[in-house]
Amino acid sequence: MRDLRHVPPRSRPASGQEQGERILAFVPVARLDEIPASRGLRVTVGGIALGLYRVGDAIHAMEDACPHAGFPLSKGRFENGVIVCSAHGLCYDVRTGFDPEHADGFPIPCFRVRVEAGSVEVDLEDRINAPRRRGPGRG
Ligand code: FES
């Protein structure tokens with residue numbers, strides 16, 4: 001597992017820039033060619049373990065701890081955008097963080113990703129999913 005806690009955020013603006021605006025916080029976590037198509041790549045950044053996954057041409061970043069018992073999800077079987085926890089078999093769509101058969105509940109945190117010149121960067125301040133509930137009468 002790569003530990004990138006000490007990698008400086010390359011995209012952070014020089015101090016004094018963007019006063020009053022949200023500071024960009026993309027942090028390089030891996031090279032694009034390190035991320036296989038058939039399994040996850042576990043990295044640690046900012047003290048958080050992430051699984052990086054390739055789905056088609058897109059890269060997705062999801063926290064790498066199964067909510068059931070904390071097993072590293074990136075070690076599981078990965079197919080069609082879904083990772084299957086190798087400990088007890090729970091499934092998560094790495095694009096949404098949700099169980100693919102239950103579109104509501106509490107997803108695993110997923111974060112915005114960008115690729116710059118072959119470098120995969122994640123913004124840990126930009127979580128892209130949130131808990132959701134079905135409306136009344138919808139099952
Ligand atoms: S730890 Fe993942 S299913 Fe149990």
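Me: In which loop does A87 lie?
Reply: Residues are numbered from 1 along each chain as its sequence is written. Strands, numbered from the N terminus, are DSSP runs of E with at least two residues, and helices are runs of H or I with at least four. On that numbering, A87 lies in the loop between β7 and β8.

Me: Is A87 buried, exposed or partly exposed?
Reply: A residue is buried if 20 or more other C-beta atoms, placed from the backbone, lie within 10 Å of its own, exposed if 12 or fewer do, and partly exposed in between. A87 has 15 other C-beta atoms within 10 Å, and therefore A87 counts as partly exposed.

Me: Which residues does A87 touch, leaving out those up to four places away in sequence?
Reply: Two residues are in contact if their C-beta atoms, placed from the backbone, lie within 7 Å. The C-alpha atoms of A87 and C66 are separated by 9.1 Å, although the two residues are 21 apart along the chain. With residues up to four places away in sequence set aside, A87 touches C66, A69 and F71.

Me: What is the mean pLDDT of the chain?
Reply: In this chain 78% of the residues reach a pLDDT of 70 or more, and the mean is 85. Over residues 5-21, however, the pLDDT is below 50, and this stretch has 20 contacts in the model beyond near neighbours in sequence. Where pLDDT is low, the predicted coordinates should not be read in detail. For the chain, then, the mean pLDDT is 85.

Me: Which strands stand at the edges of the open sheet of 3 strands?
Reply: Two strands pair if DSSP finds at least two bridges between them. The open sheet has the order β6-β7-β8 with antiparallel pairing, and β6 and β7 (residues 82-84) are joined over 3 bridges, with F78 opposite I83. Each edge strand has a single partner, so one side of each is left without a neighbour in the sheet, and these strands are β6 (77-79) and β8 (91-93).

Me: How many of the 6 residues of β5 are buried?
Reply: β5 is joined to β4 by 6 bridges in an antiparallel pairing, where G51 stands opposite M62. β5 also runs antiparallel to β9, with 2 bridges between them, and here A61 stands opposite F111. β5 is largely enclosed by the rest of the structure, because the number of its residues that are buried is 5.

Me: Is N80 buried or exposed?
Reply: N80 lies in the loop between β6 and β7, and N80 has a positive phi of about 55 degrees although it is not a glycine. Its C-alpha atom is 9.2 Å from that of S38, which is 42 residues away in sequence. N80 has 7 C-beta neighbours inside 10 Å, so N80 counts as exposed.

Me: In which loop is A117 found?
Reply: A117 has a positive phi of about 50 degrees although it is not a glycine. A117 is exposed, because 6 other C-beta atoms lie within 10 Å. Its place is the loop between β9 and β10.

Methods. This is a predicted model: local features need pLDDT of at least 70, side-chain atom pairs count only at pLDDT 80 or more; totals for chains, interfaces and linings use all residues. pLDDT is the predictor's confidence in each residue, from 0 to 100.
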